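I opened this notebook to record what I looked up in the structure. The entries follow the order in which I made them.

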Amino acid sequence: MSQDSQHGRWTISSSDDDDEAIPLSGTTTSGPHRPALSSHGSHPSASPPSPKVEPVTAAVEVKPEPANAPASSLVVGSEARQSAATNQLNPVKCETSPSLAGKRKKEASDGSGWALSDSDDDDGDVKGKGLVKRGPPSPKTKKPKEETERPPSPHGRLYYIDEPEDFFESSVPCLNDTYRFYLNKVTGLDRKYNSGALHIRDILSPLFGTMKESVQFNYCFDLAWMVKQYPPEFRDRPVLIVHGDKREAKARLLKQAQPFPHIRFCQAKLDIAFGTHHTKMMLLWYEEGFRVIILTSNLIRADWYQKTQGMWMSPVFPRLPEGSDSSAGESPTFFKRDLLEYLASYRTPELEDWIRRIKGHDLSEARVYLVGSTPGRYVGSDMERWGHLRLRKLLYDHADPVPGEERWPVIGQFSSIGSMGVDKTKWLTGEFQRTVTTLGKSSLRPEPPMHLVYPSVEDVRTSLEGYPAGGSLPYSIQTAQKQLWLHSFFHRWKATATGRSHAMPHIKTYMRASPDFTQLAWFLVTSANLSKAAWGALEKSKTQVMVRSYELGVLYVPAAFNMKTFPVHKSQFPVSSSAGFPVPFDLPPTCYSPKDQPWIWNIPYSQPPDTHGNIWVPS
């Protein structure tokens, strides 16, 4: 069957399953297609050549990973992690299709040959063919496998290059201490665009505190890589991993940790089908105090290499004096109370020590509001505790109305899209729009423009990673063909002010901008994509809200910074003392042209090839 729209023609086979019964969260997809690459390219360069590209003519069927698979086998992890690098053991889960396990078919010296198999989690019987990269024939004599050998990226082993030492900070960097919102460093950018940005090695370095213990909340982990990001002097300090893995995926994660006795685990309860533990947060306990980092990156190298990510990093919160009252150390935004409530929602003993520690610290310097999601069905006043109704409550209580607010557009920017119904009123311009258009106690319920920023095919094709970047943008054809109405909202990913137009976004941000895009009424950075699973959906005549996934973000409201609105910072790099807010992409957003298509991850793209000479072929 085929589907036409002003944004292109898509074709899928008639055997494609209907996914209506599989609610597509911001982090999961289903369906039989798995993307593949055909490449005649090699190592990326500033000006890659345009080699002849031939389509993949056959697919390789991939069997599920056996329990005794060799350590060098490639399992594609979170967010269609074709490009995830692992060490001895497999990264776990697939943010585009949870727990997708793959096996490398050959061990060529150039690292070509990689595959993605069917899902082993509980979101449907997904029987995908293989994800294959074609390269030169393997030599007859196979290269001996090394236990510590890292599997290839989609581009081969040479794709990831070691950053120069000056890529990482040797002294405390110049940071924007007003908003404490930072982008990640991106390999391959002009150095000025990484000034004031942070790599995970910077965050965990002794420059920010003397580490005693830490907690890593996340969705996808490469534990060997993660451990190497800690400086040598902190590398054996206790780490608690908070995850949502089950069954085989959990077993793989535990196996990853076998060489690291200092790592312990906490499994998040996921009692509602198709939910995920998508929260990304670090709790860092120092000799000097305690720090919280809420971010958008998985704990795998691909997420910290050539993607646009964001984070809020708290100041170091000092200890309270002995005998302080239990309510001491609260911020004007009630950040401490809300963080403790979020941690308590896990209902797990592994976090009890951390809850006690946080109670003993002064978090009064926090100036952001916490916006979390936890799985459950909520009624009455509990409906406003989580998800988009939590955001609505905060905007009602703490945001201020602005003159002419009906003309202030809402902007949403994300890396994954769920199923939202047969027309826009079912969720997007219904309950969700009512949330994001709330400004204080104004009775006005406007319907301002809504701009949704999501990369086009051309954005992905010309990106630093090329088509493999699309593995982290899991908008499926099965979902897209049911909501063609959505595509009229789409805008290109352009980020010239931050130098990141070619670093595809894994960051998720939402905001309300003035008609001339010079002011913001509020700003949110979060793990939550555009999906009902992440944000929640009303049920039972709007008397109940159901949330499937764990998510976490921080909301910036001008009043908490003694401002009426946030001015937009137009020139962010290098970092300056400007009072403007550092929006990570260009404003105003650029609307799709009639020729633009939203990136759909499970249909082929063969002409033209990407920046590395690859084509993208679902098998």
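**Entry 1: helix α4**

I began with helix α4 and found that 7 of its 10 residues are buried, so α4 is largely enclosed by the rest of the structure. Buried stands for a relative accessible area under 20%, exposed for over 50%, and partly exposed for values in between, with a 1.4 Å probe and protein chains only. Helices (H or I, at least four residues) and strands (E, at least two) are DSSP runs, numbered from the N terminus. The buried residues of α4 are Phe 335, Lys 336, Asp 338, Leu 339, Leu 340, Tyr 342 and Leu 343.

I noted the conventions here. The model is predicted, with local features needing pLDDT of at least 70 and side-chain atom pairs counting only at pLDDT 80 or more, while totals for chains, interfaces and linings use all residues. Residues are numbered from 1 along each chain as its sequence is written, and side-chain values use heavy atoms, with hydrogens and water left out.

**Entry 2: α4 against α5**

I then looked up the pairing of two helices. Two packed helices are described by the angle between their axes and the distance between the axes. The axes of α4 (residues 335-344) and α5 (residues 352-359) come within 10 Å and cross at roughly 175 degrees. I recorded that axes are lines fitted to C-alpha atoms, for helices over the stretch in contact, and that angles run from 0 to 180 degrees between N-to-C directions. The helices α4 and α5 are therefore roughly antiparallel to each other; angles under 35 degrees count as roughly parallel, over 145 as roughly antiparallel, 65 to 115 as roughly perpendicular and the rest as oblique.

On the α4 side, I listed Lys 336, Leu 339, Leu 340, Leu 343 and Ala 344, which meet Ile 355, Ile 358 and Lys 359 in α5. Contact means heavy atoms within 4.5 Å. By class, the contact of α4 with α5 has 6 nonpolar, no polar and 2 charged residues. In this scheme Ala, Val, Leu, Ile, Met, Phe, Trp, Tyr, Cys and Pro count as nonpolar, Asp, Glu, Lys and Arg as charged, and the others, Gly among them, as polar.

Phe 334 is placed in the loop between β11 (310-313) and α4. I noted a phi near 55 degrees for Phe 334, a positive value in a residue other than glycine. Phe 334 is partly exposed, with a relative accessible area of 38%.

**Entry 3: annotated histidines**

In the UniProt record, an unreviewed entry, "active site" is listed for His 278 and His 506. UniProt positions are given in the numbering used here, feature names are shortened, and annotations may be inferred rather than shown by experiment. Although these two are spread over 229 residues of sequence, they cluster in space, with a largest C-alpha distance of 12.7 Å.

I located His 278 in the loop between β8 (263-267) and β9 (281-286), and His 506 in the loop between β16 (490-491) and β17 (508-513). His 278 is buried at a relative accessible area of 0%, and His 506 also counts as buried at 0%. The side chain of His 506 reaches the backbone oxygen of Thr 296 at 2.8 Å.

**Entry 4: annotated lysines**

The unreviewed UniProt entry places "binding site" at Lys 280 and Lys 508. They too are spread over 229 residues of sequence and cluster in space, the largest C-alpha distance being 11.9 Å. Lys 280 lies in the loop between β8 and β9 and is buried, with a relative accessible area of 1%. A polar atom of the Lys 280 side chain lies 3.0 Å from the backbone oxygen of His 278.

I found Lys 508 in strand β17, where it counts as buried at 1% relative accessibility. A polar contact of 3.2 Å joins the side chains of Lys 508 and Ser 415. A polar contact is a pair of N or O atoms within 3.5 Å; within protein, one must be able to donate a hydrogen and the other to accept it, and residues adjacent in sequence count only if both atoms are side-chain atoms.

**Entry 5: cis peptide bonds**

A cis peptide bond joins Leu 587 and Pro 588, with omega about -5 degrees. The bond from Gln 607 to Pro 608 is cis, with omega near -10 degrees.
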